[in-house]
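I opened this notebook to record what I looked up in the structure, one topic at a time. The entries follow the order in which I worked.

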Amino acid sequence: QTGLVWGGIILDTSNQTSINDTLITGASVGMQIKSSGDVLISHSTVKDTTSRSLYVESSASDQVVTLSDVHIDSPGSDAIYAQSFQGSLALFNSTITNASGYGIYVYSYSYYNRQSQILLQNNVFSMLE
């Protein structure tokens, strides 16, 4: 999808979700996912967003959000923003380039319930000053 005004993929679900082989360019928000089910995003590119490239809300402590071979280029602000996050985030073989905001920002669901796990493996980050 290219040249979008608001969002490339907006998803609000409790189901397990897979997003594969997707290109999103020129959207305000590349992907906005609110889910209590596991999420897998693989072999996808999000570039030239005017705001966040990937926005995730997690509402289940046993949820896993996995990004594999995901490439984010030139986000307008944060590349990956995880809000109200209770689950685990895994990022494999991915790149974040030309980010003007946070590369990855994870805000735990509750001050007293900070059990989120973050796994980063074989990634490349190239940030702007």
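**Entry 1: Thr-45**

I began with Thr-45, which counts as partly exposed because its relative accessibility is 25%, and buried would require under 20%. The model I am reading is a predicted one. I located Thr-45 in strand 5. I then listed what Thr-45 touches, leaving out residues up to four places away in sequence: Thr-22, Leu-23, Ile-24 and His-71. I also noted the pair Thr-45 and Ile-72, whose C-alpha atoms lie 5.8 Å apart in space although the two residues are 27 apart in sequence.

**Entry 2: The largest nonpolar core**

Which residues have the most contacts inside the largest nonpolar core? I found Met-31, Ile-33, Ile-41, Leu-54, Leu-67 and Ile-80, in a core of 22 residues. I next noted the strands that each supply at least two residues of this core: strand 4 (29-35), strand 5 (39-47), strand 6 (54-58), strand 7 (64-73), strand 8 (80-85), strand 9 (88-92) and strand 10. Strand 7 gives the most, with four residues.

Setting aside neighbours within four places in sequence, I recorded its contacts with Met-31, Ile-33, Ile-41, Leu-67, Ala-79, Ile-80 and Tyr-81.

Strand 12 (117-121) and strand 13 (124-127) each supply at least two of the patch residues. I checked Met-127 individually and placed it in strand 13. Met-127 has a relative accessible area of 37% and is therefore partly exposed; a patch residue must have over 30%.

**Entry 3: Positive phi angles**

Most residues other than glycine have a negative phi.

- Asn-98 has a phi of about 55° and is not a glycine. I found Asn-98 in strand 10 (residues 95-99). Its relative accessible area is 31%, so Asn-98 is partly exposed.
- Asn-122 has a phi near 60°, again positive in a residue other than glycine. I found Asn-122 in the loop between strand 12 and strand 13. Is Asn-122 buried or exposed? With a relative accessible area of 60%, Asn-122 is exposed.

Notes: Residues numbered from 1 in each chain as written. Predicted model: local features only at pLDDT ≥ 70, side-chain atom pairs only at ≥ 80, totals over all residues. Heavy atoms only, no water. Buried < 20%, exposed > 50% of the residue type's maximum accessible area, 1.4 Å probe, protein only. Core = buried A, V, L, I, M, F, W, Y, C linked by side-chain atoms within 4.5 Å. Contact = heavy atoms within 4.5 Å.
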